[in-house]
Amino acid sequence: MKFEETLQRAKEYDKKAMLQIVEMYRPLMIKYSKVHEVFDEDLYQEHVYTMLKCIRTFSEDKYTKDK
């Protein structure tokens, strides 16, 4: 499945699609959830929460190519 399709499903509150996107970006969120080289679970949860909020508000119109 294409990312665009997964994103659209996630925007429609499809839990499986939301989880797919979170898992896709999990390594990056873990990387930025370290404070002084120590993993911070609260910071990781904030990253996940922010990502889920961004999924809902993301507008594809700016980023889609003209066909």
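With which residues is Leu 7 in contact, leaving aside its neighbours within four places in sequence? In this predicted model, Leu 7 contacts Ile 21, Ile 55, Phe 58 and Glu 60, contact meaning heavy atoms within 4.5 Å. Local features need pLDDT of at least 70 and side-chain atom pairs count only at pLDDT 80 or more, whereas totals for chains, interfaces and linings use all residues. Residues are numbered from 1 along each chain as its sequence is written, and side-chain values use heavy atoms, with hydrogens and water left out.

Leu 7 belongs to the largest nonpolar core, which has 11 residues in all; such a core is a set of buried Ala, Val, Leu, Ile, Met, Phe, Trp, Tyr and Cys residues joined through side-chain atoms within 4.5 Å. Buried means under 20% relative accessible area (1.4 Å probe, protein chains only). Two or more residues each come from α1 (3–11), α2 and α3 (41–57), and α2 gives the most, with five. Helices (H or I, at least four residues) and strands (E, at least two) are DSSP runs, numbered from the N terminus.

In α1, Thr 6, Leu 7, Ala 10 and Lys 11 are buried. These residues fall within an arc of 135 degrees seen down the helix axis, so they line one face of α1; the arc is that of the directions from the axis to the C-beta atoms. Their cover includes α2 and α3. Just after α1, Tyr 13 takes a positive phi of about 65 degrees.

Ser 33 lies in the loop between α2 (15–31) and β1 (34–35) and is buried, with a relative accessible area of 0%. Leaving aside neighbours within four places in sequence, the contacts of Ser 33 are Val 38, Phe 39, Asp 40, Leu 43, Tyr 44 and His 47. Tyr 44 is also one of the residues of the largest nonpolar core.

Definitions and conventions. Buried means under 20% relative accessible area, exposed over 50%, partly exposed in between (1.4 Å probe, protein chains only).
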